[in-house]
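Please read the following points alongside the model.

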Amino acid sequence: MVIMYKKQLTVQRILCLAAVIVSAIVFLYALGIMTDLYDALYDTMRNPNNIFQTDVAGSIVYYNMQEFNKVFLNYSIVLLVIGAFLYVTNTHSRRRYYIANYAAIGLFAAFSVYLAIFAHRYIEIFKQQWLQVDFGALKAHAEMWGTLYTESTFWFDIHYLVFALLLIVACALVANAVWKNKLMKEEDQLVEEGRRVLQ
């Protein structure tokens with residue numbers, strides 16, 4: 001029992017750290033997702049009073065993504081705070097879990113699933129809009145003005161990896177909580193059996 005508890009404690013420390021790290025990765029992704037769009041498309045819209053007046057058809061995707069990106073960035077900050085809450089509740093080091101520990105894990109897991117679904121839905125929509133950009137015109141614009149030319153969908157596609165990591169960690173935290181609960185019940189049963197023997 002003692003050996004199993006030590007193994008479980010080691011795993012929960014690793015998972016809580018992983019939760020914070022993957023939350024930071026999501027935050028950095030939210031910061032970087034519009035990098036190529038800004039470098040390639042911002043300059044194509046020469047009239048700030050009329051975003052539809054552009055040198056490159058389809059460049060409106062840059063403006064379409066901005067509201068989503070603000071929300072996504074705010075959500076990634078919330079995820080970081082929830083990840084930190086695992087440490088506030090000592091979920092990383094507590095030998096026995098209490099309601100606050102289960103709440104912290106449940107909140108992280110639930111928000112991770114919500115964020116992954118929310119972001120995936122919109123990122124796929126904006127990826128399709130990006131693919132409708134007139135890349136011939138974009139290349140001509142880039143050559144004339146020395147701006148970025150790319151047809152890459154890297155920043156859209158990498159979300160599969162980012163959110164796969166997030167969901168794996170979230171699932172592992174839940175599985176770890178189930179394992180912890182099982183060990184706690186077994187320990188309580190052993191204590192109860194010891195009391196009966198002493199009586």
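**Note on the model**

1. Apart from residues up to four places away in sequence, Ser 59 touches Leu 41, Thr 44, Met 45, Thr 54 and Val 133; contact here means heavy atoms within 4.5 Å. The residue sits in the loop between helix 2 (35-41) and helix 3 (61-88). Helices are DSSP runs of H or I with at least four residues, strands are runs of E with at least two, and both are numbered from the N terminus.

2. Is Ser 59 buried or exposed? Ser 59 is buried, its relative accessible area being 0%. The classes are buried under 20% relative accessible area, exposed over 50% and partly exposed in between, with a 1.4 Å probe and protein chains only. The side chain of Ser 59 also makes a polar contact with the side chain of Thr 44, at 3.5 Å. A polar contact is a pair of N or O atoms within 3.5 Å; within protein, one atom must be able to donate a hydrogen and the other to accept it, and residues adjacent in sequence count only if both atoms are side-chain atoms.

3. On provenance, this is a predicted model, in which local features need pLDDT of at least 70 and side-chain atom pairs count only at pLDDT 80 or more, while totals for chains, interfaces and linings use all residues. Residues are numbered from 1 along each chain as its sequence is written, and side-chain values use heavy atoms, with hydrogens and water left out.

4. The chain contains seven helices and zero strands, giving the pattern α-α-α-α-α-α-α along the sequence. The radius of gyration is 24 Å, well over the 16 Å that the globule rule gives for 199 residues, so the chain is more spread out than a compact globule. The radius is taken over C-alpha atoms, and the rule is 2.2 Å times the number of residues to the power 0.38. Along the principal axes, the C-alpha trace spans about 90 × 25 × 20 Å.

5. Of the 199 residues, 38% count as buried. Among contacts with a separation of 6 or more, 80% come from residues 24 or more positions apart. The chain exposes about 11,000 Å², of which carbon and sulfur atoms supply 65%. These areas come from the Shrake-Rupley method with a 1.4 Å probe; for residues, only the protein chains shown count as cover.

6. There are 16 positive and 15 negative side chains, and the centres of the two sets lie 18 Å apart. Lys and Arg count as positive and Asp and Glu as negative, whereas His and the chain ends are not counted. Each charge is placed at NZ of Lys, CZ of Arg, CG of Asp or CD of Glu.

7. Ser 112 belongs to helix 4 (residues 99-131) and counts as buried at 0% relative accessibility. Which residues does Ser 112 contact, leaving aside neighbours within four places in sequence? They are Leu 79, Leu 166, Leu 167 and Ala 170. The C-alpha atoms of Ser 112 and Leu 166 are separated by 6.6 Å, although the two residues are 54 apart along the chain. A polar atom of the Ser 112 side chain lies 2.6 Å from the backbone oxygen of Phe 108.

8. Asp 39, in helix 2, counts as partly exposed at 35% relative accessibility. Beyond residues up to four places away in sequence, Asp 39 touches Thr 147 and Leu 148.

9. Asn 90 lies in the loop between helix 3 and helix 4. Its phi is positive, about 60°, although Asn 90 is not a glycine. At 31% relative accessibility, Asn 90 counts as partly exposed.
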